[in-house]
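Keep the 3D view open and click along as you read.

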Amino acid sequence: METSTRPAAQPDDVLPFERSVGYQVRMTHRLLQRYLQQQIEPHGVTPGMWYFLRALWHEDGLTQRQLSEIVGTMEPTTLMAIRSMERKGLVKRVRSDLDKRKINIHLTPRGLALRDILLPLARKVVDKAVEGFSERETVALLQYLDVIQQNMRKSIDDTPPQEG
């Protein structure tokens with residue numbers, strides 16, 4: 001009986017980190033987050049607040065549920081972020097005139113003013129991330145990421161996303 005001289009395959013042999021799209025996307029996201037955090041935290045905004053502010057700068061007066069859907073968080077997480085932003089004077093909650101059960105989240109003048117300060121910083125992060133890329137390569141990268149997202153959406157069921 002002939003035995004193989006090759007040792008049993010190690011997990012990295014099956015899917016090495018450098019060939020794992022998931023791992024590479026995660027590490028890229030973490031580095032982007034860290035750099036963004038360095039840019040925005042001096043202005044009193046945490047990365048957790050950032051996404052909600054971005055959504056409200058795009059459309060002020062969203063409900064907690066709408067914010068959760070846009071940002072991709074569970075409602076309790078959204079509520080914690082809203083409370084934190086309220087304490088910092090960035091947003092206020094206002095009961096809807098149309099549906100008294102709903103509470104809309106509105107930017108305060110301070111929260112709105114941060115838009116002109118923070119969006120250029122976010123642009124800096126994006127520009128740094130694609131430094132050395134041509135416009136065509138940047139567009140292609142975004143298209144590839146979109147295809148990956150579409151592939152994953154088709155492959156998962158409708159259960160709420162897990163945070164973490």
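Is Arg 101 buried or exposed? Arg 101 counts as exposed, because its relative accessibility is 72%, and the cut-off for that label is over 50%. Bear in mind that this is a predicted model.

**Salt bridges**

Arg 101 has a partner: it forms a salt bridge with Asp 99, with the closest N and O atoms 3.0 Å apart. As a general point, side chains of opposite charge can pair when their charged atoms come close.

The structure holds six salt bridges in total. Here are some of them:

| Asp 97 | Lys 100 | 4.0 Å |

In the Lys 100 and Asp 97 pair, both residues are exposed. The Asp 127 and Arg 123 pair belongs to helix H6, and because the two are four residues apart there, about one helical turn separates them. Asp 127 is partly exposed at 39% relative accessibility, and Arg 123 is also partly exposed, with a relative accessible area of 48%.

**The loop around Ser 96**

Now look at the loop between strand S2 (91–95) and S3, where you'll find Ser 96. With a relative accessible area of 12%, Ser 96 is buried. Its side chain reaches the backbone nitrogen of Leu 98 at 3.1 Å. Leaving out residues up to four places away in sequence, Ser 96 touches Lys 102 and Asn 104.

**The nonpolar core**

Which residues of the largest nonpolar core touch the most other members? That core has 24 residues, and the answer is Val 45, Trp 50, Leu 67, Met 85, Leu 90, Val 91 and Leu 118. Helix H2 (21–40), helix H3 (47–58), helix H5 (75–87), strand S3 (103–107) and helix H6 (109–129) each supply at least two residues of this core. H3 gives the largest share, with seven residues.

Leu 118 is a handy one to click on. Setting aside its neighbours within four places in sequence, Leu 118 is in contact with Ile 40, His 43, Val 45, Trp 50 and Trp 57.

Conventions
Residues numbered from 1 in each chain as written. Predicted model: local features only at pLDDT ≥ 70, side-chain atom pairs only at ≥ 80, totals over all residues. Heavy atoms only, no water. Core = buried A, V, L, I, M, F, W, Y, C linked by side-chain atoms within 4.5 Å. Buried < 20%, exposed > 50% of the residue type's maximum accessible area, 1.4 Å probe, protein only. Contact = heavy atoms within 4.5 Å. Salt bridge = Lys/Arg side-chain N within 4 Å of Asp/Glu carboxyl O. Polar contact = N/O pair within 3.5 Å; in protein donor to acceptor, adjacent residues only side chain to side chain.
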